[in-house]
Amino acid sequence: MVVTTIYLIVYAIALLVIISLGLAIIFGMMRVINLAHGEFIMLGAYACVFATGAGSPLWLAFIVAAVAVGLFGIVVERVMVRFLYGRIIDTLLATWGLSLFLVGIVTTIIGPRGRSVQTSFGSVDIAGTNISSYSFVLIGMAFLMIAITWSLVRFTRYGLIVRGTMQNAEIASALGVNRGATYMVTFGFGAALAGLAGAVLAPITGASPTMGLFFVAKAFINVIIGGHLPITGTLAAAGIFGSIDGVVSFLWSSVVGEVSVLIVALVLLRLLPMGITGRMRGGL
Amino acid sequence: MYPEFAAHAADPPRWWWWVAVAAMAVLLIAAPFFTDMAFQLDTSIIFVFALLALSMGFLWGYAGILSFGQTIFFGLGGYSYAILAIETGNTSLAFIGGLLVPVLFSVILGYFVVYGRISEIYLSVVTLVVTLIFEKSIRSTSGPEFVIGSVRLGGQNGIPGIPGLSLPGMEGAPLSIEGVFYLAGAMMLLVYVGLRLILLTTFGRVIVGIRENERRMELLGYDSRRYKLGAFTLAGAVAALSGVLYGAWGNFVAPEMFNLNQAAQVVIWVIVGGRSTLIGPIFGTGLVQYLSTWLGTVNVGQVTVVLGAILIIFVLVFPRGLLPTIADLARLVFRSQVSEK
């Protein structure tokens, strides 16, 4: 009972972190809401399906998915998003167009049927609760994604430039920072995280053209309530919503869980219109 | 945000506008005499969707509120009409109820997003998320335990067999295809004229003022939140009307009314037509609907690929939409001729 509840909560938080971190990075650093985020996740899942299908081990498939979707993100940034900086609404609309386009193209090329990933994960029994062992991989990946992002931004030269651009883009470019290149890399990094998310989810959900839909609503709520600090915001919002979702889903059903998350989100927005981290100045 | 893209504060319509409206009304009345039923069915649904586009176009172009979730009120309108019409058998009552329920919900949602002073992108994403949650919730109601009165919500199968609208006092004799065509056309024309005239009132001028500079309007003593909530509710009512007519037109409602593709289509209609006029969204709806139907018949594969590409291209190349772009070109050509003289 207690173990099941704790497990459900931790699992829900990890899932939220995985699906929203890439979106949060792009939003926090560039003030761009990428409505094609769900489709980036979908592409990552397909990359995982094809890589494992070609005989690659799962960990390698994760890397392949992250790199492939990251590169795709850079192309999208160069071809489309970079013309729209400063026009927040237009980036929203253009990425929505991209989302429709990708769903249609993938349906045409690969077909509407879902594909699955074969894995050899069993399940374990902890205090009477049956838990699939892949869940531990998923929870571990959530930690790993946060750790990678945090150390990249905290300890590398690229991270320093990104933090500077985030705090004040004008001053950063006056000091000689190439803003275009920074944004390009950041968008690519966010896309890579979305691709990784899709690959991590693929063994559970499989891959299908419309799978992005299942995650976007949750990811958007999480990022908007989190506010502009990508790591703190994602963790704080995922903590709140994961707990609510876990407990309510355990007591009633997953749909009631999602509806209650939305209601809490609306009330939170009424109280904190800029999100949880809206008033924090520095930090990540 | 981009004043040059935004709609001008509405001047009183000139005489030729009234002539055009009258001509449209005459054309509407005359159309069934020289067109077949298939045309009337197709055109009725364009009128219904044009109302939905008007609701978003009005809110975005004039009040500066970009709601991606007008499908919330569209879907709620359809479902409320369906349940009330089946439950009571009185379609006039269902018509009114189908408007009231979504309007009530738009007041509640509007309170949270407007009085929370949520900034523009947040508002867009929140309304989008709300419509997605509605879709998901209704999809999960396929079991027999989900009933309102005696009507099963039916999950993803939707609610079939909704009685068609009949005139008050003539229950049991639903409107013919021609009747629905007249009703949808008349409603669209009335709402178009109504919104155009509302923009001339103090309310209309204040919401355009808020779009231009919210701080200034507040310093002038207007409570901007009250006016924004008013605009949000008005647009909600228009979307609800569209939803009710949709249910009465197809005798069927389904969770797809709330989904992301439906929401995207509304955005595409408005973007293609242009949001800086009220006629733009109507024009865009007609054009995109005909294009989608045509693409469906020539079998080019996924229509969403084309719709997605249209959205990207319009945002990148013609952000103002077709009608304002054409109007500008015409003005340019006209002016250069004048200056040559």
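Tutor: Let us begin with a convention: an angle of 65 to 115 degrees counts as roughly perpendicular, and one over 145 as roughly antiparallel. Please keep in mind that this is a predicted model. The helix to look at is H5 of chain A, residues 134-155, which packs against helix H6 of chain A, residues 157-167, at an angle of about 85°, with the two axes 5 Å apart. H5(A) and H6(A) are therefore roughly perpendicular to each other. On the side of H5(A), this contact is made by A:Leu152, A:Val153, A:Arg154 and A:Phe155, while H6(A) brings A:Tyr158, A:Gly159, A:Val162 and A:Arg163. Sorted by class, the contact of H5(A) with H6(A) holds 5 nonpolar residues, 1 polar residue and 2 charged residues.

Now let us turn to another partner of this helix. H5(A) also packs against helix H8 of chain A, residues 179-205, and here the angle is about 170°, with the axes 10 Å apart. That angle makes H5(A) roughly antiparallel to H8(A). The residues that make this contact are A:Tyr134, A:Leu138, A:Met141 and A:Met145 from H5(A), together with A:Leu193, A:Leu196, A:Val200, A:Pro203 and A:Ile204 from H8(A). In the contact of H5(A) with H8(A) there are 9 nonpolar residues, with no polar and no charged ones. To put the two arrangements side by side, H5(A) is roughly perpendicular to H6(A), whereas H5(A) is roughly antiparallel to H8(A).

Note on methods
Residues are numbered from 1 along each chain as its sequence is written. Chains are lettered from A and ligands numbered from 1 in the order in which they are written. This is a predicted model: local features need pLDDT of at least 70, side-chain atom pairs count only at pLDDT 80 or more; totals for chains, interfaces and linings use all residues. Axes are lines fitted to C-alpha atoms, for helices over the stretch in contact, and angles run from 0 to 180 degrees between N-to-C directions. Helices (H or I, at least four residues) and strands (E, at least two) are DSSP runs, numbered from the N terminus. Angles under 35 degrees count as roughly parallel, over 145 as roughly antiparallel, 65 to 115 as roughly perpendicular and the rest as oblique. Two residues are in contact if their C-beta atoms, placed from the backbone, lie within 7 Å. Ala, Val, Leu, Ile, Met, Phe, Trp, Tyr, Cys and Pro count as nonpolar, Asp, Glu, Lys and Arg as charged, and the others, Gly among them, as polar.
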